[in-house]
Amino acid sequence: HWRNTRDQLQLVGPKSLGVALLTAGFVCMVFTIQFVREFAKLGLTRSVGGVLALALARELTPVVTAIILAGRVGSAFAAELGTMQVSEQVDSLRVLFTDPVDYLVTPRVLAAMIAGPILNVLCFCMGIGASVLLADLVYDVPANVILDSARRALSGFDVVTSCIKAWVFGLIISTVSVGSCSEHCMIGRGGWLCTNCCLLSCRRVCTRWDALCSPRA
């Protein structure tokens with residue numbers, strides 16, 4: 001069902017890009033303020049870019065992307081599938097000899113797994129750009145100093161690890177959303193799930209998988 005997968009990619013990707021970039025930009029600005037202020041006291045402003053790049057790539061942007069997907073996409077998946085479950089549209093698919101998992105669940109999981117790493121890379125670029133702009137305008141740290149430090153500190157392993165982590169987070173969020181949806185709607189708690197799906201996904205991401213996927217120094 002590639003057409004259904006394409007429609008879900010439109011929801012997970014382009015329609016979530018704006019809020020993801022906006023959130024990543026402002027969060028990274030806050031980090032920049034803290035880092036540059038303290039590093040300037042120690043005379044280590046030339047190391048700010050490397051520290052920021054490593055923090056963003058390894059931890060910050062994958063988690064921010066996951067939280068945005070949980071709130072923007074996970075709750076939408078739960079609401080949509082919960083409504084279909086309650087209104088017996090899922091039973092209608094079975095009558096038409098169509099596997100509901102193949103038609104409804106798989107496209108959503110694939111869309112989250114594909115769009116997660118892409119959003120993560122774009123959020124990382126947005127965060128670095130916002131950090132460079134703020135450091136240059138407020139703290140008079142030249143942009144080329146930050147970018148050169150980031151280039152020297154960041155390795156291909158960090159980028160790959162960041163994308164893998166975003167891929168895992170996308171898988172977790174999508175499976176939690178569609179899996180819990182079926183369970184709670186069958187016992188009449190679809191409304192409860194729609195309001196708490198974001199919390200469930202964020203808890204899974206932050207307490208379990210973020211520590212597991214974090215690279216060891």
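1. Helices here are DSSP runs of H or I with at least four residues, numbered from the N terminus. With that naming, Asp-140 lies in the loop between α5 and α6, the latter spanning residues 143-153. The model is a predicted one.

2. Asp-140 deserves a look for its backbone. Its phi is near 60 degrees, a positive value in a residue other than glycine. Most residues other than glycine have a negative phi. Asp-140 is also exposed, with a relative accessible area of 63%.

3. Next comes the start of the chain. Helix α1 covers residues 2-12, and helix α3 covers residues 48-86. These two helices pack at an angle of about 145 degrees, and their axes are 10 Å apart. From α1, the contact uses Gln-8, Leu-11 and Val-12; from α3, it uses Leu-69, Arg-72, Val-73, Ala-76 and Phe-77. By type, the residues of this contact divide into 6 nonpolar, 1 polar and 1 charged.

4. Which residues of α1 are buried? They are Asn-4, Thr-5, Gln-8, Leu-11 and Val-12. Seen down the axis of α1, these buried residues fall within an arc of 115 degrees, so they line one face of the helix. The face of α1 turned away from the buried side carries the exposed residues Trp-2, Arg-3 and Arg-6.

5. The buried residues of α1 have several partners. They pack against α2 (14-42), α3 and α5 (100-138).

6. Asn-4 gives a detailed view of the buried side. This residue sits in helix α1 and counts as buried, at 13% relative accessibility. The cut-off for buried is under 20% relative accessible area. Leaving aside neighbours within four places in sequence, Asn-4 is in contact with Tyr-103, Pro-107 and Arg-108. A polar atom of the Asn-4 side chain lies 2.5 Å from the backbone oxygen of Tyr-103.

7. Not counting residues up to four places away in sequence, Arg-72 touches Leu-11, Lys-15 and Ser-16. Arg-72 and Ser-16 are 56 residues apart along the chain, yet their C-alpha atoms are separated by 6.9 Å.

8. How many disulfides does the model contain? The count comes to 0. A disulfide is a covalent bond between the sulfur atoms of two cysteines. The cut-off used is a pair of cysteine sulfur atoms within 2.5 Å. For Cys-28, the closest cysteine sulfur is that of Cys-123, 8.4 Å away and therefore too far for a bond. Seen from Cys-123, the closest cysteine sulfur is in Cys-28, again at 8.4 Å.

9. Are these cysteines buried or exposed? Cys-28 counts as buried, at 2% relative accessibility. Cys-123 is buried too, with a relative accessible area of 0%.

Methods
Residues numbered from 1 in each chain as written. Predicted model: local features only at pLDDT ≥ 70, side-chain atom pairs only at ≥ 80, totals over all residues. Heavy atoms only, no water. Axes fitted to C-alpha atoms, helices over the stretch in contact; angles between N-to-C directions. Contact = heavy atoms within 4.5 Å. Nonpolar A, V, L, I, M, F, W, Y, C, P; charged D, E, K, R; others polar. Buried < 20%, exposed > 50% of the residue type's maximum accessible area, 1.4 Å probe, protein only. Arc of directions from axis to C-beta. Polar contact = N/O pair within 3.5 Å; in protein donor to acceptor, adjacent residues only side chain to side chain.
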